[in-house]
Amino acid sequence: MTGGPSPPDQNSDRSHAFRVSFGPRGKDRRGEKSWRSGGVEDAMKDGRVVDEVEPCLRHPHSQHAPLAVLPFGGSTTSQLSSSVSRRKAGFARKCIIVLLIHAIFVFAILIAFLIGQWISEEKNKTPQTSNQNLTPNARHTNPPRLSSTTAHTVRPSPTLLTTSFLQNAKSSPRTIERLIPLRKEKNYTLFDVHPSTFENFELSEKLHGSHSRKKGTDALLVPLPLYILPVHYDLTVDLSNFDTTLTARANITIELESYGNSTEDEIQFHVGSNVRIERMRLRKNGSRVYPRTFKREESKKLARILLREALTKGRYVLEIEYNMTICDDVNDGVRCSLDSQTNSSLLATSFTTMFEPTLARTFFPCWDEPGIKATFNISVLHAEKYTVLSNMPSFQNHHRRDPYRIVTTTFQRTPPISTYLIAFAVGEFVKLETRTERGVALTVWTYPEDLMSLQFALDYAPLVFDRFEDTLEVPFSLPKVDLVAARNVHTGGMENWGLIVFEHASVAHNVPSNDHVNETVDRMYSEYRIGRLVGHEVAHQWFGNLVTMRDWSELWLNEGFATFSVHELMSTDHPKIAEFEYYDNLQRLFDKQSKEDGNLALVRELATESAVDESFHPTNLYTKGCVVIRMIRDLVSDFDFKAGVRRYLRRFAYRSVARDDLFNSLPAYADHGAEQEKLSDVLEGWFVNEGLPEVTAIRNYDNDMMTIRLFLRDRKSDFRGSRELPETFRTTHLLEDDVFMRDFGMKTTERRGTREALPDDTTAFDDSLFDGFVRETQKPKRRKHRPTRKKSTRAPPRVPPQPMISVSARREELRKPRRAGEPADLWNIPLSYMFGSLKTTEGQVVREFWLKNRSVSFADGEISPSQSILLNPDWKYPYRVNYDLHNWKLLARILHQNHVDIPEKSRMQIIVDSEFFLANSNNPHLYLYILDYLSQETKLDVMLFRNRRCSSGTSINSAILLYFTPVIRQMDKLLADSQTDAETAVLWLVRAGRLAKLYQLRCAANLPSCKEEYHTQRWSRDPDAWTEDVHKQVTAVCHHLFTHPDNKKINDLLENRLNADGSQWTLAVQLAACSKDQRIVKMAAKMVVRTKNAAVYASCLQSDFSLHYNPAFREAMWSEIGLLSPFERTLLFSTNKTEVLLGSRVLLHSVKTIDELRQVRSLISDWGRQMSVHLEYLERYLQWVQTVSRGVLHKFFSADLANL
């Protein structure tokens, strides 16, 4: 019986469905000819297409008849002709009825659309503009400071800007939030408010405009079934016309392994929306396997081939021919660049790829999951003038004999590799070559004009490879590695296996022409920064490429290890910088815990592409992952950690892993205190719990009892002004789960000798400041000692990994359950505390134990009531520490009397924790008193952890500056001293803004180093003659304008600069924000508001050049904003949006006083639900600041205020 057309399938997906006809015994009557270009036309000519449209719409001689079936099956021409000849006369009437039904249906849809449009317009009576098309998933990067580009050029703009990139967008991005509940609706309360300032932004956050990846849809991440998996890909890409059309054609052949005993009859794989499949064919053992339907699910970026028969055990081969667009905004796994010097007819002259995390599917159909590895054979057709690079070396270049000079470059087979690591680089590159110590070819590629700036990267990269090979004892597993410095790359680097791509500016290094001290410091920091970036991407060749995380939820295994490894690497050459950078990043991590997106768990479920993309967070992923890995090392010892990591890399080379595989390679137990805990149990809470734990120590000074409490902070407990310190208690209060020291095992160690020399000019402690101290009493002391364990020094053998892994073994490792983990109400904290003094014969005593309960109480009779305790000595582990009020006072006393008794890293943590727990408590004066010890601090790394807040706008602002004048003077001295040591001087540059803050502080404190008169006179003589240190000069002039408002000469000059056009207008506006002259401030405020750019508004209100609070300028600014139209003010503050924009939050939280807040509140009648909560937050906080300023702080500064 002859097979006819298949019946319509109810599950077909629009135009993507195809039908297949079969002959007797399932034979293909078309042969193997369909796997060619032009197959549809050939099929028509050969009569191989089954036409399934309505009879009245067909014409037997029409070559343009609609085709409903791809050429996988069909009938002969004679069968089609006979079918037409047997038509009945009644078909015409049936066709007319069908057409009428269709017309009615289309008309009904049109009416419904018009009604819906009318309802939508009624609900939104305010006009919609293109700059309102912000989605909740829009990513923000660093806020641009006021610059000539953002300020001067946009002043005539007639519309209010809240973002820059959306103005040029052709259309708003399509979202699928109707299908994917990306954000759950919640009741927005006061505790959900998180103040936003310029200082809080990370590198990936920006006020106006985002250069982040744009996606047309936010696809769901659905794990692919494991009953059939890819083993090998053969990929041939035709890039011969990419530079003129931004398109490419390709053929891919995928070898698949099916695992038998399966009832499944469907093959699923990933494919991007920009990939248009023209033909596909499935074979097994050389015989055709016939599909029934083919569907594409755009919401998941999946393709489904439904077969007529169930899959059987064995090898299948899937062949696909397709074309694709590249370098578009929706699927930007390919980043193109155009050389402006070339012919204008070209659209691109080079491109590089970055497929991480889920963009490989936009370049070729594949199983696009990190845990699914396969080998690749890659060939590329391209113009002869272009160099084409991929993961492996090329072994064949075939020149075609045609006038277009097309070349085919074929690359060696890759080892098993994840799809996101496949890479291409195409362009007219030039190269610099070298080799590693083991002989691996290392080549740096870039554009001819940029070649010499990459000499440092070329010299440094081989050293990095050699050091990693020596440390890990696992050789680099590819025969070559290419480093490409490209343009139009939005990230610093991408670790593609064997083809690392960098953004050119991130690795370019121009050696200064002289040996001036500033040039030397800048050169060292530039080399450190480039070395850190190169080292990070090279570390990924082992952590991420050789051994890959199984699921995106375990991304920390890649990024955490790479960050940790490069920190260890940089510590070899620059120990001061690397160690300071680690603790500086740890401080950022602590600060982030109270931010809106800062307390995310390290391991969590990632359900969508955007969730994976957003998980690449500088603190939540990179820093937190590094901190946890360093914690693991400290818990198992450095020797056992290195041995375990080597074992991990050898055991799981070319495989995919989860955190359990890492634990199985490390020692089973963590070594801390007198008891050992299972390492995996200790760390699980650190992976799956949000945020970081906080530990509070409360002492009973009457009976030597101490209670250690674990506090799990949620966002609702982080309201400013609401933190209370635990008071000391006089009676013993034991909780139900209290245990005593003898019951839970405590290890005791001693420290003797001096850590640092005590300065000769140490000031005496002012005992009158605090009362209630219990006088010291001597008690007999007993100490227990625990012998240390000897470790073997024999190194494990150096065995290179081999990719001998069976397909079934790969499947079994993928079948292991994926456990992102649920947040657990339990932390295992390696707790330690220290007491005693280095000056005494007893020295310092350190006790260690595990804190596994919410609260534990015990007695320690060796601690005198007048001695302080210090938790977490040397800031060894990442948790916050709080104390009862009395112990805080004791620590403050030690800092002022003999600060070297407290370890250097612990002094850093005291500054960070006291800011968090004391600055916004009822005892802010204690925080200020702790900071005052910094006037004796001689360590620059500790000094740079100083206070970053200033009570601007309060009556005691001047008293605070006067109080901290000795501290500012000491900072100024350390800056001068650091000029003799370049590595120490680099510490000022680790975080941007530290030098600028010092410039502001010393001018506000009227120190001679401000050089106010010198810089002001120089500016008045030549307003355009700014030297290389513009920040220092502008800060000095700004201070002069604030303190000398009646200087007519300077005011006239500033007014003239405000009226002028050019790049200096930006600096003139910033200087005008410092002036008290009414004419100047009104003129400047009018010009700033005229830009209609929220970034400019916030930049002027949060000045980069002054700590002074200027009420005249701020009042003028808000008054001018009040003159905007109601719609513009509504758009500026996002009052009509369900999601408050970042720029609106920053602008609102620029308010510094209650009076200023009243003025801002009057700008808009209806602030909306969320912004009203922000207003309430600000009102409560500013009232608290005012109360504290007039209360405890006024009393604390009473003497200084009397002298003002």
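**Chat about a binding site and a helix**

Mentor: Let's start here: the side chains of H540 and H536 are joined by a polar contact of 3.2 Å (a pair of N or O atoms within 3.5 Å; within protein, one must be able to donate a hydrogen and the other to accept it, and residues adjacent in sequence count only if both atoms are side-chain atoms). This is a predicted model, where local features need pLDDT of at least 70, side-chain atom pairs count only at pLDDT 80 or more, and totals for chains, interfaces and linings use all residues. Residues are numbered from 1 along each chain as its sequence is written, and side-chain values use heavy atoms, with hydrogens and water left out.

Trainee: Which residues does the UniProt "binding site" annotation cover?

Mentor: The unreviewed entry lists H536, H540 and E559; such annotations may be inferred rather than shown by experiment. They span 24 residues in sequence, yet no two of their C-alpha atoms are more than 8.7 Å apart, so they gather at one spot.

Trainee: Is H536 buried or exposed?

Mentor: H536 is buried, at 11% relative accessible area (buried means under 20%, exposed over 50%, partly exposed in between, with a 1.4 Å probe and protein chains only).

Trainee: And where is H540?

Mentor: H540 sits in the loop between α8 and β22 (547-549), with helices (H or I, at least four residues) and strands (E, at least two) being DSSP runs numbered from the N terminus. H540 is buried too, at 0% relative accessibility.

Trainee: New topic: how many residues of helix α15 are buried?

Mentor: Nine of the 10 residues in α15 (residues 679-688) are buried, including W686 and F687.
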